[in-house]
Amino acid sequence: MKTVEKAGAWDAEAYDGRHSFVWKLADHLLAMLAPQPGERILDVGSGTGHLTARIAGAGATVVGIDSSPDMVEEARRHYPDIDFRCADIRTFVTSEPFDAVFSNATLHWVGEPKLTAFRIREALRPGGRFVAEFGAKGNIHSITNAATEALEAVGAPPRNGRNLWYFPDEAEYRTILNKAGFAVDVVRTTDRPTELDDSESGMKNWLTVFGRHYFEDLSPEQASKFIEMVEASLRPTLFQDGRWTADYRRILVAAYRPAIQQQF
Ligand code: BEZ
């Protein structure tokens, strides 16, 4: 589930160990997918494979794709019987279309949302469904603001694209889905403040795993100062009872490829 050009290698072990909320908070999404025995399902951004395994546990045949070789290796280690492949959804093509495409906490990492939606549509058989959740417009707004200010304060060289994620609003994403040829059932945004693991170090760990691109131009001293400043700025609002919370906002999507495709 790596994007975009700018992100470096994932630390799959840290992701799995300290950020398990990513896959533990997806029960509602799995319920919405409702995988059936014998179905073929594509999991886009399968990460360390835990949700892929739950889909397989329902009797579906699942292919998990992730653009990070580290994640794919870790997923194969956990679940050697599942088909995990290193692939980017933007270039993914299949000769065996799927009954459903599923994606949790991934699509905000992928640039080119129109192309992504088109590839997902193409990966589905006519009538096949797409169920996904990822960051919506306003997601981690406090964190990105604090990070931007702290980078400036520690004297980081100016650089474009530090907040590299794609967080659309409902109208924008609905249009993208429609233009890619989907019929849309649900596009809904919700605030989902998310408690981070690891008590006092929670924000630091979040920043170093998910915001590692922030550190690319920083010396070790600047990096420490950066973390200190972000924590100080966010503590009054995002730290309570010894735990950090991230101001997540999600966009939930359910759409399908019509059995008869309209011409655009
Ligand atoms: C998210 O799941 O919303 C997210 C995680 C890491 C970075 C940005 C967004």
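A polar contact is a pair of N or O atoms within 3.5 Å; within protein, one atom must be able to donate a hydrogen and the other to accept it, and residues adjacent in sequence count only if both atoms are side-chain atoms. The model you are looking at is predicted, so local features need pLDDT of at least 70 and side-chain atom pairs count only at pLDDT 80 or more, while totals for chains, interfaces and linings use all residues. Residues are numbered from 1 along each chain as its sequence is written, and side-chain values use heavy atoms, with hydrogens and water left out.

**The chain as a whole**

- The chain has 10 helices and 10 strands; these are DSSP runs, numbered from the N terminus, with helices (H or I) of at least four residues and strands (E) of at least two.
- Of the 264 residues in the chain, 55% are buried. Here buried means under 20% relative accessible area, exposed means over 50%, and partly exposed is in between (1.4 Å probe, protein chains only).
- Among contacts in the chain with a separation of 6 or more, 77% are between residues 24 or more positions apart; a contact means heavy atoms within 4.5 Å.
- The chain's accessible surface is about 11900 Å², and carbon and sulfur atoms hold 50% of that. Accessible areas come from the Shrake-Rupley method with a 1.4 Å probe, and for residues only the protein chains shown count as cover.

**Salt bridges**

- Side chains of opposite charge can pair when their charged atoms come close.
- How many salt bridges does the structure hold? There are 13, each defined as a side-chain nitrogen of Lys or Arg within 4 Å of a carboxyl oxygen of Asp or Glu.
- Arg 54 pairs with Asp 27 in one of them, with the closest N and O atoms 2.9 Å apart. This pair links distant parts of the chain, as Arg 54 is in helix H4 (residues 50-57) and Asp 27 is in helix H3 (residues 27-33), 27 residues apart.
- Arg 54 is partly exposed at 44% relative accessibility, and Asp 27 is partly exposed at 45%.
- Another salt bridge joins Arg 121 to Glu 122, where the closest N and O atoms are 2.4 Å apart. Arg 121 is buried at 9%, whereas Glu 122 is partly exposed at 35%.

**A network around Arg 90**

- Asp 88, Arg 90 and Glu 112 are linked in a network of salt bridges.
- Between Arg 90 and Glu 112, the closest N and O atoms are 3.4 Å apart. Arg 90 is in the loop between strand S3 (83-86) and strand S4 (98-104), while Glu 112 is in the loop between S4 and helix H6 (113-123), 22 residues away.
- Is Arg 90 buried or exposed? Arg 90 is buried, with a relative accessible area of 9%, and Glu 112 is partly exposed at 47%.

**Around the ligand**

- An oxygen atom of the ligand is 2.5 Å from a side-chain N or O atom of Arg 250. For Asn 139 the corresponding distance is 2.7 Å, and for His 108 it is 3.5 Å.
- The protein covers 97% of the 260 Å² of accessible area that the ligand has on its own.
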